[in-house]
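The following exercises are intended for a reader who meets this structure for the first time.

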Amino acid sequence: MKMMIAIVQDKFIDKLMSTFYDAEIYVTKIASSGGFFKNGNTTLLLGAEEENLEKVYKIFREITEAEEVDTARGRVQVSGATIFVVDVEDSLRI
Ligand code: 2BA
């Protein structure tokens, strides 16, 4: 099993959450904020079996996209979703 930690721009969240729900993909949503843009983004935790990873990546690719933003320090590219994938040693529901 893998744990995906996905930091997502807020504007994509509603569509992502309803799509994950329809696809029966479990997800936990955490309010978060970027270290650079102090305003909000959203962090999603998704525990997924390896055979479902591609399905989850596909949903992210279809719904989120990067954009260029002007800042005081110049133009930066902000990902629609920044995704980290880590191995899960154990998973329990008690
Ligand atoms: P923010 O920290 O608000 O960063 C917004 C964008 O500003 C970043 O987009 C990047 O283009 C730029 N940026 C931020 N910190 C930077 C730095 N130290 N040096 C140069 N440029 C910097 P993304 O890289 O697409 O990141 C989008 C959001 O994903 C970030 O929002 C942050 O919340 C998260 N993130 C990205 N990389 C991360 C990492 N290695 N660890 C934890 N969170 C990360």
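**Exercise 1. Describe the residue that follows helix 1, its backbone and its surroundings.**

Solution. The model examined here is a predicted one.
Step 1. Helix 1 is followed by Glu24, and the phi angle of this residue is positive, near 60°.
Step 2. Glu24 is a residue other than glycine, and yet its phi has a positive value.
Step 3. Glu24 is placed in the loop between helix 1 and strand 2.
Step 4. The relative accessibility of Glu24 is 68%, and exposed means over 50%; Glu24 therefore counts as exposed.

**Exercise 2. State the order of the elements in the chain and describe the chain as a whole.**

Solution. 
Step 1. The chain contains two helices and six strands.
Step 2. Read from the N terminus, these elements follow the order β-α-β-β-α-β-β-β.
Step 3. A box of roughly 45 × 25 × 20 Å, taken along the principal axes, is filled by the C-alpha atoms of the chain.
Step 4. The chain has 94 residues, of which 27% count as buried.
Step 5. Among contacts in the chain with a separation of 6 or more, 65% are accounted for by residues 24 or more positions apart.

**Exercise 3. Determine which residues of helix 1 are buried and what covers them.**

Solution. 
Step 1. Ile13, Leu16 and Phe20 are the buried residues in helix 1.
Step 2. Viewed down the axis of helix 1, these buried residues fall within an arc of 65°, so they line one face of the helix.
Step 3. A general rule applies here: an α-helix has 3.6 residues a turn, so residues three or four places apart point the same way.
Step 4. The face of helix 1 turned away from the buried side carries Asp14, Lys15, Tyr21 and Asp22, which are exposed.
Step 5. The cover over the buried residues of helix 1 includes strand 1 (2-8), strand 2 (28-33), strand 3 (40-48) and helix 2.

**Exercise 4. Locate Ala72 and Glu89, and state whether each is buried or exposed.**

Solution. 
Step 1. Ala72 is found in the loop between strand 4 (67-71) and strand 5 (74-78).
Step 2. With a relative accessible area of 89%, Ala72 is exposed.
Step 3. From Ala72 to Ile5 the distance is 29 Å, C-alpha to C-alpha, while the two are 67 residues apart in sequence.
Step 4. Glu89 belongs to the segment after strand 6 (81-87).
Step 5. Glu89 counts as exposed, at 84% relative accessibility.
Step 6. A distance of 37 Å separates the C-alpha atoms of Glu89 and Glu68, which are 21 residues apart along the chain.

Conventions
Residues numbered from 1 in each chain as written. Predicted model: local features only at pLDDT ≥ 70, side-chain atom pairs only at ≥ 80, totals over all residues. Heavy atoms only, no water. Buried < 20%, exposed > 50% of the residue type's maximum accessible area, 1.4 Å probe, protein only. Helix = DSSP H or I, 4+ residues; strand = E, 2+ residues; numbered from the N terminus. Arc of directions from axis to C-beta. Contact = heavy atoms within 4.5 Å.
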